[in-house]
Amino acid sequence: MAALHHPLPARPPATPKAAHAPGAPRTGRAVAGGRTASGGRALGAVPPVDELGRDLALPVGAAVTAVAVTALLVTGQAGHLWLSLAAFALLTVAIAAAARPRLVPAVVLVSWMFFDGFVVHQRAELAWQQTDRTSLWVLAGAGLAGAVCAAAVRGVRAARTVRGGAG
């Protein structure tokens with residue numbers, strides 16, 4: 001089976017230091033993370049490897065959630081609400097950790113709609129009873145936990161990059 005590879009953009013040739021006038025600001029100079037000092041992406045900077053995965057986390061997560069619901073319904077395990085909710089919470093943590101932070105509310109909402117519509121009520125009906133509210137809060141907490149863990153990992157990586165580049 002052939003592997004798909006994302007082609008990396010070609011880097012422009014390095015500009016020698018003599019080409020810059022002494023004391024002139026170096027615009028577009030990349031700092032840690034391939035960003036410029038002004039916050040924009042530096043020209044020729046290679047984007048982080050996981051950007052495509054972060055963009056696809058929501059649709060792939062929705063598909064995985066649909067498969068999980070189908071598996072629970074086919075095996076008859078959907079009747080065990082707390083076990084199913086725990087499985088959905090773990091799934092939500094994983095998807096939220098892989099997704100962009102601004103997509104985490106959508107991840108939680110999709111996960112809750114699948115859980116509430118197909119596991120709790122089993123007829124694609126959403127409701128707002130105590131079980132439904134509790135499951136929404138549990139999944140929201142799981143999404144928040146996944147987002148916080150992913151942010152911590154990104155912070156540690158950024159600190160290592162800055163520390164490694166300063167030495």
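Two residues are in contact here when heavy atoms lie within 4.5 Å.

## Ground rules

This is a predicted model, where local features need pLDDT of at least 70 and side-chain atom pairs count only at pLDDT 80 or more, while totals for chains, interfaces and linings use all residues. Numbering runs from 1 along each chain as its sequence is written, and side-chain values use heavy atoms, with hydrogens and water left out.

## Ser84 in α2

Ser84 sits in helix α2 (helices are DSSP runs of H or I, at least four residues, numbered from the N terminus). With 1% relative accessibility, Ser84 counts as buried (under 20% relative accessible area, 1.4 Å probe, protein chains only). Skipping neighbours within four places in sequence, Ser84 touches Leu72, Gln77, Ala78, Phe115 and Val119.

## How α2 and α3 pack

Helix α2 (residues 81-98) packs on helix α3 (residues 104-120) at about 160°, axes 10 Å apart; axes are lines fitted to C-alpha atoms over the stretch in contact, and angles run from 0 to 180 degrees between N-to-C directions. That makes the two helices roughly antiparallel (over 145 degrees).

On the α2 side, the contact includes Leu81, Phe88 and Ile95, and on the α3 side Val104, Phe114 and Val120 are among the residues. The contact's residues split into 12 nonpolar, 3 polar and no charged (Asp, Glu, Lys and Arg count as charged).

## One salt bridge

The structure has 1 salt bridge (a side-chain nitrogen of Lys or Arg within 4 Å of a carboxyl oxygen of Asp or Glu). Arg100 pairs with Asp55, closest N and O atoms 2.6 Å apart. Arg100 is in the loop between α2 and α3, and Asp55 is in helix α1 (residues 51-75), 45 residues apart.

How values were computed:
Angles under 35 degrees count as roughly parallel, over 145 as roughly antiparallel, 65 to 115 as roughly perpendicular and the rest as oblique. Buried means under 20% relative accessible area, exposed over 50%, partly exposed in between (1.4 Å probe, protein chains only).
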